[in-house]
Amino acid sequence: MELVCESLGFKGKGICKVHGTGFVVMCDRALPGELFLGCVTRRKGSYAERHKASQTKIKTLTPHRDLVEAPCEYASYCGGCKAQNLSYEAQLRAKDEQVHELITHVGRFSDNSPGLETVLKAIVPCDIQF
C-alpha cells in the first residue's frame, strides 16, 4: 500500500498514514515527508505496524528531503539507530517536535500556556554527532 510518513514517533518509528485514508501505520525506517510503498504485517485495532519480518520498505516513491548516507555501515539492518540516514539537523527538528507533542498532548498544555516558552527550550545539539 502507499504510505506517507508524517513524523517520527517512539523509538524512531515513522508515524505514517495510508495515502488518502488517514489510517495510521507505525513503520521502521520511514522518515517524515517520505511517500513509499509498504506492507502491513500486523493490525492493532485503530492502527497497524510493520513488524520485524518486513523491516524494509518495498519502494520509496518520494524520498525525504534531508536524506543522507548513514555514517554506520550496519545502520540499515542493525536496528539501534533507526534515523541515521536523516541529517542531524532534521533529527534535532524531529526530537523538538516529539517533545512539543508530549508537552501539549500528554501534558495537556496549550501553546498559549503561560510560562511554556520557559519550559520548552531549544534542543542543544551534541558536538559529536555519531
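Visitor: Let me start with one residue. Is Asp66 buried or exposed in this model?

Guide: Asp66 is buried, with a relative accessible area of 18%. The cut-off for buried is under 20%, so Asp66 falls in that class. Keep in mind that this is a predicted model.

Visitor: How do I read a salt bridge, and with which residue does Asp66 form one at 2.6 Å?

Guide: The general idea comes first. Side chains of opposite charge can pair when their charged atoms come close. Now the case here. Asp66 pairs with Arg93, and their closest N and O atoms are 2.6 Å apart. This pair links distant parts of the chain, 27 residues apart. Asp66 sits in the loop between strand S7 (59-62) and helix H1 (75-78), while Arg93 belongs to helix H2 (residues 88-106).

Visitor: How accessible is Arg93?

Guide: Arg93 has a relative accessible area of 40%, which means it is partly exposed.

Visitor: Which residue meets Asp66 in a salt bridge at 4.0 Å?

Guide: That is Arg65, with 4.0 Å from N to O. Arg65 counts as exposed, at 70% relative accessibility.

Visitor: How many salt bridges does the whole structure hold?

Guide: The search finds 3. One of them joins the side chains of Glu6 and Lys17, at 4.0 Å from N to O. Glu6 is in strand S1 (residues 2-8) and Lys17 in strand S2 (residues 14-18), so this pair ties together parts that lie 11 residues apart in sequence.

Visitor: What about the accessibility of Glu6 and Lys17?

Guide: Glu6 is partly exposed, at 47% relative accessibility. Lys17 is partly exposed too, at 30%.

Visitor: Next, cysteines. How many disulfides does the search find?

Guide: Again, the general idea first. A disulfide is a covalent bond between the sulfur atoms of two cysteines. Here the search finds 0. Cys5 is in no disulfide, and its nearest cysteine sulfur belongs to Cys16, 4.0 Å away.

Visitor: Now pockets. What is the volume of the largest one?

Guide: It is about 290 Å³. When you read a pocket, look at its lining. In the largest pocket 14 residues make up the lining. Gly12, Lys82, Ala83, Gln91 and Lys95 are the ones nearest its centre.

Visitor: Which element gives the most to that lining, and what classes of residue are found there?

Guide: Helix H2 gives the most, with 5 residues. By class, the lining holds 6 nonpolar, 6 polar and 2 charged residues.

Visitor: Let me take Gln91 from that list. Where is Gln91 found?

Guide: Gln91 is in helix H2. Gln91 is also buried, with a relative accessible area of 10%.

Visitor: Which backbone oxygen lies 2.8 Å from its side chain?

Guide: That of Leu86. The 2.8 Å runs from the backbone oxygen of Leu86 to a polar atom of the Gln91 side chain. For a polar contact, the cut-off is 3.5 Å.

Terms used: Residues numbered from 1 in each chain as written. Predicted model: local features only at pLDDT ≥ 70, side-chain atom pairs only at ≥ 80, totals over all residues. Heavy atoms only, no water. Helix = DSSP H or I, 4+ residues; strand = E, 2+ residues; numbered from the N terminus. Buried < 20%, exposed > 50% of the residue type's maximum accessible area, 1.4 Å probe, protein only. 1 Å grid on protein atoms, 1.4 Å probe; cavity = no way out; pocket = protein on both sides within 12 Å on 5 of 7 lines; lining within 4 Å. Points joined across faces, edges and corners; volume = space filled by probe spheres on them. Nonpolar A, V, L, I, M, F, W, Y, C, P; charged D, E, K, R; others polar. Disulfide = S-S within 2.5 Å. Polar contact = N/O pair within 3.5 Å; in protein donor to acceptor, adjacent residues only side chain to side chain.
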